[in-house]
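Here are a few notes for a colleague who is opening this structure for the first time. Please keep the view at hand while reading them.

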Amino acid sequence: MSAAYATAARETVTLSAGRSRDKDLRSLVFLGALWFSLLFGILVLLVLILTTAVKGAPRFDMALLTDYSSQLFPERTGFRAGILGSVWVMLATAALAVPLGIAAALHLEEFADGQKWWNRFIEVNLQNLAAVPSIVYGLLAVAFVELVGIRERGLVISGAIALALLILPVIIITTREAVRAVPREIREGSLALGATQWQTTWRQTLPAAVPGIATGTILGLSRAIGEAAPLLMIGTATAIRFDPNGLMSQFTALPLQIYSSTSQSQEALQVAASAAIIVLLVMILALNGLAIYIRNKFQRTW
Amino acid sequence: MSLRPGTFTVPQGTGGVAPPVPSSPTPGRLEEVTEHEERTLPDLPPDPVMEALDLNVFYGDFHAVHKVNLAFGRNEITALIGPSGCGKSTVLRCLNRMNDLVPGARVEGEVTYHGQDIYAKHVDPIAVRTHIGMVFQKPNPFPKSIYDNIAYGPRVTGMKVDDMDALVERSLRHAALWDEVKDKLKQSAYGLSGGQQQRLCIARTIATQPDVILMDEPCSALDPIATARIEDLMLSLREEYTIIIVTHNMQQAARVSDRTAFFTAMPDETTGNRTGLLVEFNQTAKIFSNPSDPRTEDYISGRFG
C-alpha cells in the first residue's frame with residue numbers, strides 16, 4: 001500500500017518536472033515561421049481579391065454578363081461571349097477528357113501488369129505530363145487539329161482538345177488514387193464469387209470510386225477554365241460578338257477576354273475586366289465547392 | 001457446369017450425387033440444428049472432392065509452401081492450422097486460384113477438383129471460383145443492399161434464376177441470417193454488425209451454389225458470440241458443402257473440423273526465408289489427442305507458436 005503510494009508520488013514528480021520541450025525557443029521560432037508563411041500567403045491573396053473587387057465594383061451589373069464586348073461604349077461592355085464560350089469549351093473538354101481519363105486510369109490500375117517496363121514508363125511519364133506548361137498543350141492541339149484537317153482557327157473543338165490534353169494527366173492521376181482507395185477485399189469478394197475482372201471493375205470498383213473520380217475531374221476542369229495560354233495558341237479570338245453554337249463554332253473564353261480588356265487604354269474597360277475577374281473567380285470557386293460537396297456527401301469509410 | 005464448357009460434367013453441390021445425410025437434424029427447430037452428431041471417419045477421405053498433390057507455391061523466388069499433399073473429403077470440414085507464416089492461407093488461396101491475383105505467384109504440382117487439375121492450361125479460373133467459393137478473414141460485404149449482395153454472384157455468373165427473391169431468401173436462411181434481415185433487405189449491408197456481415201458473406205457465397213467453401217480465418221475479426229454462431233453455421237453447412245477452413249484458433253479447429261492439417265514454417269538455412277510445410281494431416285480427434293509428430297504436439301499443447 002505505502003510502496004504503491006510512493007511509486008505514484010514519484011511518477012507525478014517526474015511528469016511535472018521541467019517545462020515542456022514543446023515550448024522551448026526553437027519550437028516557438030519554428031511555429032512562428034509557419035504562421036508567418038501561412039498568413040503571408042493568405043494576406044496577399046486577400047489583398048489581390050479585394051483590390052480587384054473594389055476596382056470592379058462599379059460594373060457589377062447584368063450588362064457585364066449579358067452584353068457583348070464593346071469598344072464604342074466601354075462602360076456598357078459585357079463578357080457574354082467569353083462566359084458562354086468558356087461554358088461551351090468546358091463541356092466539350094469534359095466530354096473528351098473524362099471518359100478517356102477514367103478508362104486510362106482503370107486500365108493502368110486494374111488491368112495493366114505493373115511489372116512490365118512499358119507500363120512503368122507510362123506511369124512515370126504521366127507525372128511528367130502533369131507538369132508540362134499549358135502552352136505546350138496548345139501547340140499539341142494545333143498540330144492535332146491540322147492533322148485531322150480542320151483549317152479554321154479558334155474553334156470550340158480545338159480549344160477543348162487543348163484543354164482536354166492539359167487536364168488528362170490530372171484526371172488520370174486522381175482517378176487512379178480513387179480506384180486504389182477501394183479496398184482489395186471488395187475486389188477479392190467479387191472475384192471469389194466467380195465474377196470476371198471486367199465485371200468486378202465495372203460493378204464494384206468503379207462505382208465505389210465515383211466520388212473520388214468526380215472530385216478530381218471537377219478540380220481538373222476548374223484548372224482548365226482559368227487557362228488562357230493554350231487557347232491563345234490555337235488562335236482563339238478575343239473580340240467575338242456572337243454566341244458559340246456548336247463544336248465547330250468560333251468562340252472566345254473568359255480569361256482571354258479579360259486579358260484583352262486589361263490591355264486596352266480605356267479606363268472603363270479595365271474596370272469591366274476587374275469585375276470579370278471576380279466572375280471568373282466565382283465560377284472556379286463554384287466548381288471547387290461542388291467538388292468538396294461531392295466529396296463530403298459520398299465519402300465512404302471502409 | 002464444368003470448368004471447360006462441354007468437356008466434363010461435374011457433380012455440383014447436392015445436384016449430382018446426393019450426399020449421404022445419415023442422421024441429419026430435423027429442420028425447422030433451431031435448438032436441434034445446433035446439435036451435431038459425433039462422426040466416425042475413415043482414416044483418409046474415401047471420396048475426396050479436392051486434392052493437393054505435391055503442391056509447391058512460390059512468390060517470385062520465395063518458396064512459400066513446400067510439397068503439400070492433402071485430400072478434402074465430401075461433406076467434411078477440414079481445418080488448416082499452424083503458426084503465422086506457415087503457408088496455410090497460401091494453400092487455401094491456391095484451392096480456388098485466388099493466388100493468381102498475387103503478382104509473381106507461381107504454383108507447381110496439382111490441385112484437383114473431382115479429379116481435374118484446376119491449374120491445367122485450359123481451365124478458366126473464373127469457372128473454378130464458381131464451384132469453389134471463398135469467405136474471407138475480414139467481412140467484406142459490397143457497398144450495396146443486403147439483397148444485392150446476395151444476388152450479385154448469381155447475376156455476374158449468369159446463373160439461370162427463375163425467382164431471385166426465393167434464392168436470396170434461401171441463401172439467407174441457410175446462413176441463419178434471414179430472421180434478422182428479412183425486413184431490411186433493401187438496406188445497406190454496412191448497417192449490419194460484424195458477425196452478421198460475415199454470415200452475409202457466407203450467404204452470398206452459398207447463393208452461387210458452390211460445391212466447396214473455403215474460409216480464411218472467418219472468425220478472427222468477430223467476438224465470441226458471433227464466432228459461436230459462425231461455427232454452428234459451419235456444422236450445419238457441412239451437410240451440403242465441403243468446407244475447408246484456415247484458423248488460428250486451435251479450439252475452433254477442435255470444435256468444428258473433421259480433419260485437421262497442421263503446418264509449420266521451416267527457415268531456409270541460407271536465406272532465412274520461411275517455407276511452409278505440412279507436418280501432419282489426420283482426423284481432428286487424433287491430431288488433438290494423439291498426434292504422431294512431436295512438432296504437432298508442441299504446437300497444440302502451446303509450447304510453440
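Predicted model: local features only at pLDDT ≥ 70, side-chain atom pairs only at ≥ 80, totals over all residues.

1. Helix α9 of chain A, residues 197–225, spans only 36 Å between its end C-alpha atoms, whereas a straight helix of 29 residues would span 42 Å at 1.5 Å a residue. In α9(A) there is also a kink of about 50° at Val210(A), shortly before the proline Pro211(A).

2. Helix α9(A) packs against helix α12 of chain A, residues 267–298, at an angle of about 175° and with the two axes 9 Å apart. Since angles over 145 degrees count as roughly antiparallel, α9(A) and α12(A) are therefore roughly antiparallel to each other.

3. Among the residues of α9(A) in this contact are Pro211(A), Ile218(A) and Ile225(A), and those of α12(A) include Met283(A), Leu287(A) and Phe298(A). Sorted by class, the contact of α9(A) with α12(A) has 13 nonpolar, three polar and one charged residues.

4. Where chains A and B touch, the contact takes 16 residues from chain A and 21 residues from chain B. On the side of chain A, α8 (184–192) and α9 each supply at least two residues, and α8(A) gives the most, with six residues. The residues of that side divide into six nonpolar, six polar and four charged.

5. Chain B has 11 helices and 10 strands, and buried residues make up 45% of its 305 residues. Among contacts in chain B between residues at least 6 apart in sequence, 70% join residues at least 24 apart.

Methods. Residues numbered from 1 in each chain as written. Chains lettered and ligands numbered in written order. Helix = DSSP H or I, 4+ residues; strand = E, 2+ residues; numbered from the N terminus. Expected span 1.5 Å × (residues − 1). Bend = angle between axes of the 7 residues up to and from the residue. Contact = placed C-beta atoms within 7 Å. Nonpolar A, V, L, I, M, F, W, Y, C, P; charged D, E, K, R; others polar. Buried ≥ 20, exposed ≤ 12 C-beta atoms within 10 Å, placed from the backbone. Axes fitted to C-alpha atoms, helices over the stretch in contact; angles between N-to-C directions. Parallel < 35°, antiparallel > 145°, perpendicular 65-115°, else oblique.
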